[in-house]
Amino acid sequence: MRSQEPRASSSCAACKFMKRRCTLNCLFAPYFRADEPKKFAKVHKVFGASNVTKILNEVPEPQRQDAVNSLVFEAEERLKDPVYGCIGAIASLQDKMFQLQHDLAVAKARLARCSTRTSYASCSTTSPFSMLDGEFGMTPFDIFVVDQGCGLSNEFRQHPFP
């Protein structure tokens, strides 16, 4: 969405970076303010000004701010990790999510076991995996993820990224 407030006489970050005069109908001005020069520099380095112009012209005006935010994120991640870029960041977050799902499944299984016992003192074990031995037919080394039905699954999920 374009800014409703009048622009100051200074050029936007994109026009400053490209050393050109910023016009009143500059496509970059609402999204790359003059006080954020590194934001456009990163996007320009990864995508180029011509490609960013094409992208912004293709996107409907109400969605342009989201498109710019996405371009900035992708550019920052590509500069951090030239091989995987934002896909590497997504894969890392997925790994973290699967680990947290595993931890949640272990905690739920332990809670279910403790709630069925009459004495809660018997649930104070030193290892969270000790309650999985024997009774549920699982070993502490199994890899668990929570499936869509909120049960435990022994399915191994792997993605191609480190």
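Helix 3 and helix 4 cross in a right-handed manner. A crossing is left-handed if the near helix is turned anticlockwise from the far one by less than a right angle, and right-handed if clockwise. Helix 3 covers residues 49-58 and helix 4 covers residues 64-80; the two pack at an angle of about 150°, with their axes 9 Å apart. Axes are lines fitted to C-alpha atoms, for helices over the stretch in contact, and angles run from 0 to 180 degrees between N-to-C directions. Helix 3 brings V52, I55, L56 and N57 to the contact, and helix 4 brings R64, V68 and L71. Contact means heavy atoms within 4.5 Å. Five of the residues in this contact are nonpolar, one is polar and one is charged. Here Ala, Val, Leu, Ile, Met, Phe, Trp, Tyr, Cys and Pro count as nonpolar, Asp, Glu, Lys and Arg as charged, and the others, Gly among them, as polar.

The model is predicted: local features need pLDDT of at least 70, side-chain atom pairs count only at pLDDT 80 or more, and totals for chains, interfaces and linings use all residues. Residues are numbered from 1 along each chain as its sequence is written, and side-chain values use heavy atoms, with hydrogens and water left out.

The chain has five helices and two strands. Their order from the N terminus is α-α-α-α-α-β-β. Helices (H or I, at least four residues) and strands (E, at least two) are DSSP runs, numbered from the N terminus. Of the 162 residues in the chain, 29% are buried. Buried means under 20% relative accessible area, exposed over 50%, and partly exposed in between (1.4 Å probe, protein chains only). Among contacts with a separation of 6 or more, 42% join residues 24 or more positions apart.

Helix 4 has 17 residues and reaches 24 Å from its first C-alpha to its last, close to the 24 Å expected at 1.5 Å a residue. The expected span is 1.5 Å times one less than the number of residues. The buried residues of helix 4 are R64, A67, V68, L71, V72, A75 and E77. They pack against helix 2, helix 3 and helix 5. An α-helix has 3.6 residues a turn, so residues three or four places apart point the same way.

E77 lies in helix 4. E77 counts as buried because its relative accessibility is 12%. Its side chain joins that of K80 in a polar contact of 3.1 Å. Such a contact is a pair of N or O atoms within 3.5 Å; within protein, one must be able to donate a hydrogen and the other to accept it, and residues adjacent in sequence count only if both atoms are side-chain atoms. Leaving aside neighbours within four places in sequence, E77 touches G85, C86 and A89.

Helix 5 runs over residues 86-116, and its 31 residues should span 45 Å at 1.5 Å a residue; the end C-alpha atoms are 45 Å apart, which agrees. Its buried residues include C86, A89, R110 and R113.

K39 sits in helix 2, residues 37-47. K39 is buried, with a relative accessible area of 19%. Beyond neighbours within four places in sequence, K39 is in contact with Y31, F32, V68 and V72. A41 is also in helix 2, and is partly exposed at 23%. The C-alpha atoms of A41 and A14 are separated by 7.7 Å, although the residues are 27 apart along the chain.

K19 lies in the loop between helix 1 and helix 2. K19 is exposed, with a relative accessible area of 77%. K19 is not a glycine, yet has a positive phi of about 55°.
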